[in-house]
Amino acid sequence: EGTALRLKLGMSSQGDKEPVYRDCVKQCVRTNCTGARLRGFQSAQPQYMALTGWTCRDDCRYQCMWTTVGLYQAEGYRVPQFHGKWPFARFLCFEEPASALASLLNGLACLLMLLRYRSTVPRQSPMYHTINAFSLVSLNAWFWSTVFHTRDTYLTEKMDYFCATAVILYSIYLCCVRTLGLRRPGVSSMVGVLLILAFTSHVSYLTFVSFDYGYNMAANATIGMVNLLWWLCWCWQNRRTLPYWWKCGLVVMLLHGLALLELLDFPPMLWILDAHAVWHLSTIPVHFLFYSFLIDDSLYLLNTEKMGVKVE
């Protein structure tokens with residue numbers, strides 16, 4: 001998933017609190033972002049930068065960030081964060097190039113395996129439509145993750161966070177349908193309604209009350225743990241009857257284990273590769289294993305349905 005678990009401690013960080021940074025930005029804006037200088041900047045700005053919303057003020061903040069980083073390093077201090085993020089070397093219009101590329105590759109892996117799933121599993125399989133819907137929710141999340149890491153704005157940040165939460169909640173619904181809903185459709189429908197209410201409440205609180213990064217991280221971690229334990233219990237229960245159970249168990253363990261990479265939270269190597277990018281890069285192969293499990297399980301369910309065998 002495109003879950004962004006980074007904890008931003010407000011919008012202010014050590015780097016942007018520095019007087020040298022603030023004075024630099026003020027001077028740059030005053031000098032370059034008015035009158036003829038601004039028109040010159042806009043005419044010289046590449047079209048892709050304008051289309052992604054980069055302004056003269058944004059460019060001042062970017063240039064002054066590196067001025068401040070240089071002063072910190074010259075004095076032997078640790079590289080500071082700015083506005084809740086590490087300094088990244090911008091590539092074209094990509095604010096965080098490595099994370100944007102990793103998110104795109106995750107989305108492509110998801111799309112590739114969805115197409116393979118559709119070409120391998122008949123539509124009559126009991127989980128076919130639920131898995132297709134889950135894949136579309138995941139693709140949407142990876143799209144917004146790519147957009148957010150390309151350009152961090154109020155809208156793209158919220159869409160990245162909210163869509164990532166939707167993936168985790170839908171994963172719980174997917175688990176519920178597979179473990180309970182095939183025999184008790186009413187249970188999965190009830191859980192689905194509760195998950196929709198939970199998502200609506202979560203988004204409403206973050207949108208209209210307070211966008212609390214700590215709360216968002218805690219909420220995602222909690223529902224992620226529910227998802228993990230539910231799938232692992234099902235895997236353990238079916239370990240003797242389903243030869244492919246280990247794929248599911250390994251996937252959920254990997255997803256939650258790899259998320260711990262974010263705790264490293266080091267300054268970007270070569271000003272491009274940070275812990276968040278490493279996390280996203282590490283999840284790319286997981287899609288192939290997960291859809292391998294989904295294909296095996298969907299074909300198993302189709303065969304047992306044809307034979308009239310009770311599904312567990």
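In this predicted model, Asp59 forms a salt bridge (a side-chain nitrogen of Lys or Arg within 4 Å of a carboxyl oxygen of Asp or Glu) with Arg90, and their closest N and O atoms lie 3.1 Å apart. This pair joins distant parts of the chain: Asp59 sits in helix α5 (residues 56-74), while Arg90 belongs to the loop between α5 and α6 (97-120), 31 residues apart. Helices here are DSSP runs of H or I with at least four residues, numbered from the N terminus. Residues are numbered from 1 along each chain as its sequence is written. Local features need pLDDT of at least 70, side-chain atom pairs count only at pLDDT 80 or more, totals for chains, interfaces and linings use all residues, and side-chain values use heavy atoms, with hydrogens and water left out.

The side chain of Lys85 meets that of Glu95 in a salt bridge of 3.8 Å, N to O. Both residues of this pair lie in the loop between α5 and α6, 10 residues apart. Lys85 also forms a salt bridge with Asp152, with 3.1 Å between the closest N and O atoms. Here the partners are 67 residues apart, Asp152 being in the loop between α7 (128-150) and α8 (154-181).

A network of salt bridges links Asp58, Lys85, Glu95, Glu96, Arg151 and Asp152, and the structure holds 9 salt bridges.

Note on methods: Helices (H or I, at least four residues) and strands (E, at least two) are DSSP runs, numbered from the N terminus.
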